[in-house]
Amino acid sequence: MRIICPIKRVPDTAADKKIDATDNTVDRDGSEPVLNANDEWSIEEAMRIKERDGAEVIVLCMGPEAAQTTIRKALSYGLDGAIHVNDEGVAGSDAVGTARVLAAALADEEFDLIIMGNQSSDARTMLVPAMLAEFLDLPALTYAKKLDVADGTATVQREMPSGHQVVEAPLPAVVSVVEAINEPRYPSFKGIMAAKSKPVATPDLAALGVDAGEVGLGGAWTQVDEITPKPPKEAGEKVSDDGSGNLGAQAVAEFLTKQKLL
Amino acid sequence: MSDVHLTDEQRQLLDLVGDVARERFAPRAAEDEAKSRFPRDALAHLGSLDLAGLPFGSEHGGGGQPYGVYLRVLEEVARAHVVVALSLSVHTLATWAVASYAGDALAAEVLPRLTAGEWLGAYCLSEEGSGSDAAALTTRAEREGEVYVLNGTKAWVTHAGEADCYVVMVRTGEHKSRGVSTLLVPADTPGISFPPRERKMGMAASPTGQVVFTDARVPVANRLGDEGEGFRIALAALDGGRLGIAACAVGLAQCALDHAVGYAGQRQQFGRPIGQFQGVAFMLADMATGVEAARALYREAAARRDAGEPHGQHASMAKLFATDTAMRVTTDAVQVYGGYGYTTDYPVERLMREAKVMQIFEGTNQIQRVVISRGLLGSCSAATTA
Ligand SMILES: Cc1cc2nc3c(=O)[nH]c(=O)nc-3n(C[C@H](O)[C@H](O)[C@H](O)COP(=O)(O)OP(=O)(O)OC[C@H]3O[C@@H](n4cnc5c(N)ncnc54)[C@H](O)[C@@H]3O)c2cc1C
């Protein structure tokens with residue numbers, strides 16, 4: 001079994017997101033970049049399959065030179081190697097451009113499964129997994145909160161607002177995962193030490209045969225025209241209770257009824 | 001404090017430890033203490049991440065890291081949960097004696113378990129009648145062929161009843177210090193027993209108690225070093241142990257400082273945050289300066305140790321200064337919190353109780369001064385203990 005884990009280097013979500021005013025893209029120098037949180041779940045899921053059935057797990061990352069640190073971080077969880085599409089031409093790619101590059105990077109790779117986070121914490125379009133499947137002409141099992149792989153078939157519980165669907169597809173397939181799927185591990189110290197000697201291939205766009213005009217900010221099908229920051233939270237309603245009766249509880253119940261939450 | 005000379009992997013190691021400490025250890029510290037619950041599973045977790053044997057060689061499963069890096073890890077853990085850090089420090093103290101003095105067969109058998117955190121170690125020097133005057137110990141080991149037969153009672157043992165093996169200083173000869181030997185005693189040795197643990201002012205989550213030997217038979221092959229070398233081993237181990245306590249104290253003091261700074265920015269009196277009153281702000285400035293100085297001192301001592309230079313005096317200075325600083329900083333943190341700080345609803349009173357014992361164990365701070373002044377004065381020293 002060979003599993004591909006696409007990962008992304010994103011600004012730290014704990015820090016305030018900053019937007020580059022000139023082109024309305026996320027300012028990636030604005031805060032210390034980290035491994036996208038959802039990718040920790042996909043890596044964990046791949047590692048569990050590796051530990052259970054044996055598998056080679058490969059990181060795939062499109063990003064600048066500095067994404068090396070994010071790739072090493074991913075490898076420190078015990079993955080086997082990486083493909084780093086490192087080309088200045090990909091900067092500013094939208095979801096289509098990103099999926100196009102990732103698909104090109106996998107064109108000559110053999111694999112059984114692609115497991116990826118359902119979204120990145122910076123742009124949150126949630127589009128790339130399905131688009132990648134489309135470019136590769138593979139089935140897409142998205143929003144998986146449970147994944148089983150057996151006898152050449154992937155079966156997922158697909159998270160829905162009102163429960164879940166059970167969906168299956170023959171391998172190879174693309175699976176995108178949500179938070180509920182697992183609790184990711186921490187990397188071990190030996191994993192950190194081993195990560196630096198794992199092989200990392202670094203193809204550029206030309207090596208992948210991608211037309212630079214189709215990706216990057218210039219090749220983007222979508223363009224962000226305007227950005228409006230979320231209005232600041234309105235001051236909440238304070239309920240005080242002096243402890244002498246159930247006045248507080250009553251006020252809270254009335255509030256919830258008014259909001260149609262009760 | 002800058003960490004310019006760390007490698008990328010060491011930085012990642014410290015990030016990892018910071019994440020684990022913040023996410024897994026800090027949230028449980030108060031409850032472990034309230035329930036006197038020893039966080040053995042936290043140690044096992046550190047072991048599963050290869051963090052239980054950092055300063056030991058990779059040939060026995062260790063992390064091959066300089067002592068300075070291991071101490072930074074301890075500080076980071078102590079900042080979140082000082083009992084976990086203390087436990088790792090005592091475990092390392094015991095493991096060091098095994099790694100440095102066990103014969104090949106014994107080392108091959110037990111070291112991988114210790115460095116993996118699968119086994120927990122303990123260090124037994126003190127007795128009821130011999131604390132600061134540690135060489136006056138009376139627990140006897142009589143040799144009968146290829147075994148020692150142990151009788152006596154060790155006191156104040158951190159991890160008593162919880163450890164998987166005990167590094168025990170025993171009397172094998174009449175000379176006060178040169179009549180001491182060191183044995184590694186597995187916890188399942190018949191004749192070893194554990195009376196109920198001490199009830200303490202703080203660090204209730206850390207088990208402290210007696211270890212009683214009644215005709216306990218220990219193979220001679222379990223001796224660490226030569227017969228009569230035990231007291232020297234005990235003191236050499238403490239050089240490293242005291243640095244561990246210094247790093248734990250810095251982490252604890254940093255934790256108190258973090259809380260105090262946060263509180264001073266929020267608590268309003270006279271219409272403004274109390275941190276805007278110079279009387280409070282200067283207290284915070286002094287606390288921060290003490291923490292940073294203590295950190296510099298343990299790191300300097302560790303640098304000497306890692307360079308293979310004598311460092312016993314510096315380890316004592318670091319232990320003395322860092323634990324006195326932790327006592328002062330945690331006491332001041334309670335002051336910053338006012339009446340709230342004196343209640344168990346806030347963490348700072350616990351930190352203050354935890355700081356106190358650090359001035360006492362692994363050599364009281366008076367004994368650290370004995371060590372330091374003896375280094376200065378040599379044989380002219382007035383101090384005569386041990
Ligand atoms: C929570 C806890 C955990 C511990 N864990 C361990 C452990 O894992 N292993 C272990 O072996 N021990 C352990 N100890 C024991 C600890 O190291 C001793 O308590 C310490 O060495 C002091 O010994 P004592 O309590 O007998 O005090 P004493 O030696 O009786 O000292 C009493 C007072 O006299 C002072 N004093 C004594 N001699 C001198 C002198 N020459 N000059 C100036 N002042 C002096 C001391 O500083 C102290 O203030 C632990 C203790 C505690 C409280």
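This is a predicted model: local features need pLDDT of at least 70, side-chain atom pairs count only at pLDDT 80 or more; totals for chains, interfaces and linings use all residues.
View 1. Chain A is divided into domain 1, residues 2–214, and domain 2, residues 236–262. Between the C-alpha centres of domain 1 and domain 2 of chain A the distance is 45 Å.

**View 2. Helix 1 of chain A.** Helix 1 of chain A covers residues 37–53, 17 residues in total. From its first C-alpha to its last, helix 1 reaches 25 Å, close to the 24 Å expected at 1.5 Å a residue. Buried residues in this helix include A:Asn38, A:Asp39, A:Glu40, A:Trp41, A:Ser42 and A:Ile43. A:Glu45, A:Ala46 and A:Met47 of helix 1 are buried as well. After helix 1 of chain A comes A:Gly54, which has a positive phi, near 85°.

**View 3. The shell around the ligand.** There are 24 residues around the ligand, and those that come nearest are B:Gly131, B:Ser132, B:Trp156, B:Thr364 and B:Gln366. At least two residues of the shell are supplied by each of strand 1 (121–124), strand 3 (147–158) and helix 11 (365–377) of chain B. Sorted by class, the shell holds 13 nonpolar, nine polar and two charged residues. The ligand lies between domain 2 (121–226) and domain 3 (232–380) of chain B, because both domains give residues to the shell around the ligand.

**View 4. The contact of chain A with chain B.** Nine residues from chain A and ten residues from chain B take part in the contact. On the side of chain B that touches chain A, five residues are nonpolar, two are polar and three are charged.

Key
Residues are numbered from 1 along each chain as its sequence is written. Chains are lettered from A and ligands numbered from 1 in the order in which they are written. Domain bounds come from an automatic or database domain assignment. Helices (H or I, at least four residues) and strands (E, at least two) are DSSP runs, numbered from the N terminus. The expected span of a helix is 1.5 Å times one less than its number of residues. A residue is buried if 20 or more other C-beta atoms lie within 10 Å of its own, exposed if 12 or fewer, and partly exposed in between; C-beta atoms are placed from the backbone. A residue is near a molecule or strand if its C-beta atom, placed from the backbone, lies within 6 Å of it. Ala, Val, Leu, Ile, Met, Phe, Trp, Tyr, Cys and Pro count as nonpolar, Asp, Glu, Lys and Arg as charged, and the others, Gly among them, as polar. Two residues are in contact if their C-beta atoms, placed from the backbone, lie within 7 Å.
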